[in-house]
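I opened this model to look up a few things and keep notes. The entries follow the order in which I checked them.

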Amino acid sequence: MAGWARRLWAQDALVYGVRVFIALSGAMAVCWWLDRVPLVTPIFLGIIASAIAETDDNWRGRLRALLVTLACFATAAFSVEALLPWPVWFVAGMAVSTFGFTMLGAVGERYRAIALATVILALYTAISVAPGAHPGAHQGVPRGEGLAWSVPTWLLAGATWYGLLSLLWCALFPHQPVRQNLAKLYGVLGAYLRLKASLFEPVRGVDVERRRLALAQTNGRVVAALNTTKESIFSRLGARRDAPPPTGRLLRHLNLYFIAQDIHERASSSHHHYNDWADVLFHSDVLYRCQRVLQLQGVDCTRLAEALQTHEPFVRDPAGERAMADLHDSIAHLENQRQSAWQRPLRSLRALARNLATLSGQLDAATHPDGGERLGDSSLLDRSPRSLADAWGRVRAQLHPGTPLFRHATRLSLALAAGYVAMQLIDPVHGYWIPLATLFVCQPTYGATVTRVSQRIAGTAVGLVVGWALLKLFPSLPLQALIAVAAGVLFFVTRTTRYLTATAAITLLVLMCFNQATGEAYALILPRLFDTLIGSAIATVAMMVVLPDWQGRRLAAVAAQALQANGQYLREIMSQYATGKEDDLDYRLARRTAHNADAAFSTALSHMLREPRHVRSHSQAGMRMLVLSHTLLNYLSALGAHRGQLAEGVDDPLVQEGARYAVERLEAVARTLRTREALEGDAAHGETLATALEQAADAAPDTLRLVQTQLALVCRQLALLQALAAQLAARGAGPQA
C-alpha cells in the first residue's frame, strides 16, 4: 500500500489536481454552507486565474509573486468594473493593458504567467459583472454590502484563497517540484540515449539524416528539461552570494542536475560519421556493442527517473557493465587484426569507449548523489532581473516590431479589441466568450494558433454535449456542484498536455457553475459554441494579417544564432584545453547557450513546417541546416567531453589554426545568414585543414590525436554549412521587416 501511494504521489499532475481539488471543493462547501451558491462562479474564476499565474518557486518567492499577482488582479478587476459602462473606454483600456501585460513577459517566466492570468481575470470580471450576464448572480450578497464592487471582491477572494493554499503547499513540500523536474529530465535523457543508439545500427541504406533530425528535435526537449530543472533548483538555492552552500536533499538534487548535464554533453557527442563505420566495420559486431551500451544506459536513465518519482534508491542494472566489458573486448579484437583500413575508425571507437565509460561512471555517481559536495564551481546563472531598471531594460529591448513578443502583444491586443466589437454587434450581454476564446487560442506562432483553434472548438463542443447530458441525468444541484469541482480538477491536470480535454472540462465547469447561480444553463449552450467559433475565427485572421511572425522568414536568423553560439562554445573548449578542465560557470554557460540555440532552431523549424506553403518554400534547406548544425554541435560536445590539459601540443600550429579558422568561419557564416551578404574567403581551406589534421593525427599522441580528429570533423562540416547558408539567404529566409 505504501508503494502504491508513493507512485500516486510521484505524479505531478495528480499532486497539482489534489491542490486544485482542495481549493475548489473548499470554496464550494463554504458557499453552500453560507447559502450563497451564486458566489461560486466568481470565486471559482478567481481560483482558476490564480492557479494559471502559479509558477514553481520556494515559499518566499511564491509569496512575492502572490502579492504582485493580487495587485495586478485588483487593478484589472476594479478597472473593468469602472470602465464597463463606457464601451469605448473599456475596449481602449483592454487593448492597452493587454499589450502592456503581454510585454511584461519579457521580464521572465514568472511575470509572463502573471500577465496572462491578469488578462484572463479581466475578462472573467467582465463576464461576471456585465449587466444581465448572470441573472441572480448577486442573490447571495445582502443589500448594503457593497454590491457594486462585489464581483471583483469575490474574484480576488478566490484568487487569494488559492494563493494562500499554494503558499502553504510550497512551505510543506519545498523539494517535491525539484524531484519531479529531475525525474522528467532523466526520463527524456533516457529517450535521447536510446534514440542516439539507433545511429550505431550497422545496416546499409538507413536514412541517417532522418534519424539525426529526430535526434535534434529530442535534444530540444532535453535542453528544455535542463532549463526547467535548473530554474527550479536555483529558486531554492537563493540568489545571494553569501547564501550558505547547499546541504542535504538540495545538495543531492544539485549533484543530480550536474550529473545530468555531463551525461547530456557525453550523450550528444559524435566521434565519427557513424554511417561510414557501417561500411568499414560491416563484418564486426563492434557497432552492435556500442548500440547495446547506449541502449542500456538509456534504460538506466529511465530507471533513475522512476526511482526519483517513487523516492526509492536507484540501483543500476549489472547488464550495463557487462555490455561495456564486451565492447572493450570487441575493440581489442579488432586492434589485434592490425588492419590499416581500420586504424582511423578504431581511434574514434576508443574515444567513444572512453566517453561511454565516463558516462557509465556518472550513472554510478547517481546511485549515491549525496556522497559529498561537488568539486569545482557549482554556481548557477541567475537570469532573473536584478532591479527595476534591469526589468525595464528587458522590456524596452523587445519594444520594436522585429521582436516576436512585440508582434504577439500587438496582435493579441488588436484581436481582443476586435472580439469586443464583435460582441457588441452580436450579443452585448452574453457575448464575452468571444474575446475570451480569442485570448486562449491566439498564440505566438501560426501553427500553435491553428492547433489551439481546432482543439478549442472541438473541446467546447464535447464539453457542451457532455454538460447537457449531465444536466439531464443529474438535476440535483449538490451533484452538479461535485461535477463542477471534478471538471475544474480535470482542467488543471490536462491544460498543458491535452488542451482539447481541458477545454471540454472548463466548459463543463462553466455550465455547472452557471446552473448553480441561475438555474438556466441550457440557455448558455448554443451561445457558448457560437461565440467560440467567432472568437477562434478572429484569432486566426489576426494571426494572418497583424504582424504575422512567420517562422520561415526568421529561420536564417535563428540558424545564425545557433552557429554563433557554437563558435563561442568552441572558443571556450579550446581555452580549457590550454588551462585544464574545469566545469566553471563560464564553460557551462557557453555549453548551455549553444544547446539552447540549437533547441531554438529545432523549435522554429517545427513551427515553420505547420505554416502555409508559401512561407515555407525552403523547409528542406532548413531541415538540412538543422541536421548539419546539430551534427556540428555533436562534434563540439565530443571535444568538450574529453577536454583536459594537454601535456604537449597545446601550441601546435595546426591545432591553433584549425580552431581559429573554425571559430572565424562560424561567425562569418552566421553573419551571412543575418545580413544576406556574400561570404568571403576560401571554402576549400577548411577541407585542406581537415586533411592536414587527419594526417597529423596518425602519428600524434592520444590526447592531441583526439583534438585533431574532432577539429578535422568540424572543419569538414564548415564547407557544407557555408553552402547551405548561402542557399537559405538567397531564398529570402532572413529577418522579416
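I count a residue as buried when its relative accessible area is under 20%. The model is predicted, and I read every entry below with that in mind.

**Ser-360.** I looked up Ser-360 and found it in helix α14, residues 343–366. Is Ser-360 buried or exposed? Its relative accessible area is 5%, so Ser-360 is buried under the 20% cut-off. Leaving aside residues up to four places away in sequence, I listed what Ser-360 touches: Gln-297, Arg-316, Glu-321 and Met-324.

**Overall.** I then took the totals. The protein has 27 helices and zero strands. Of its 737 residues, 56% are buried. Among contacts with a separation of 6 or more, 82% are between residues 24 or more positions apart.

**Helix α4.** I checked the length of α4, residues 59–83. Its 25 residues reach 35 Å from the first C-alpha to the last, close to the 36 Å expected at 1.5 Å a residue. The buried residues of α4 include Leu-66, Leu-70, Phe-73 and Val-80. Arg-62 and Glu-81 are also on the buried list. What do the buried residues of α4 pack against? I found four helices there: α3 (40–52), α5 (87–103), α6 (109–129) and α7 (150–172).

**Aromatic pairs.** I found nine aromatic pairs in the structure. In one of them, the ring centres of Phe-90 and Tyr-420 are 4.9 Å apart and the planes meet at 50 degrees, so I log this pair as tilted. Phe-90 belongs to helix α5 and Tyr-420 to helix α16 (residues 404–426), so the pair links distant parts of the chain, 330 residues apart. Both partners are buried: Phe-90 has a relative accessibility of 4%, and Tyr-420 has 3%.

I next logged Phe-99 and Phe-406, an edge-to-face pair with 5.5 Å from centre to centre and 85 degrees between the planes. Phe-99 is in helix α5 and Phe-406 in helix α16, so this pair ties together parts that are 307 residues apart in sequence. Phe-99 is partly exposed at 23% relative accessibility, whereas Phe-406 is buried at 16%. I also noted one aromatic cluster, formed by Tyr-16, Phe-491 and Phe-492.

**Surface patch.** I looked for nonpolar side chains on the surface. Leu-14, Val-18, Phe-21, Ile-22 and Trp-161 form a nonpolar patch, with about 390 Å² of accessible area together. Which helix gives the most to this patch? Helix α2 (residues 12–33) does, with four residues. Leu-14 is in helix α2, and its relative accessible area of 38% makes Leu-14 partly exposed.

**Helix α25.** My last check was on α25, residues 653–675. Its 23 residues should span 33 Å at 1.5 Å a residue, and the end C-alpha atoms are 32 Å apart, which agrees. Just after α25, Arg-676 takes a positive phi of about 65 degrees.

Terms used: Residues are numbered from 1 along each chain as its sequence is written. This is a predicted model: local features need pLDDT of at least 70, side-chain atom pairs count only at pLDDT 80 or more; totals for chains, interfaces and linings use all residues. Side-chain values use heavy atoms; hydrogens and water are left out. Helices (H or I, at least four residues) and strands (E, at least two) are DSSP runs, numbered from the N terminus. The expected span of a helix is 1.5 Å times one less than its number of residues. Buried means under 20% relative accessible area, exposed over 50%, partly exposed in between (1.4 Å probe, protein chains only). Contact means heavy atoms within 4.5 Å. Patches are made of residues with over 30% relative accessible area and no salt bridge: like charges are joined within 9 Å, nonpolar side chains (Val, Leu, Ile, Met, Phe, Trp, Tyr) within 5 Å. Accessible areas come from the Shrake-Rupley method with a 1.4 Å probe; for residues, only the protein chains shown count as cover. A salt bridge is a side-chain nitrogen of Lys or Arg within 4 Å of a carboxyl oxygen of Asp or Glu. Rings of Phe, Tyr and Trp (its six-membered ring) pair if their centres lie within 6.5 Å; planes under 30 degrees apart count as stacked, over 60 as edge-to-face and the rest as tilted.
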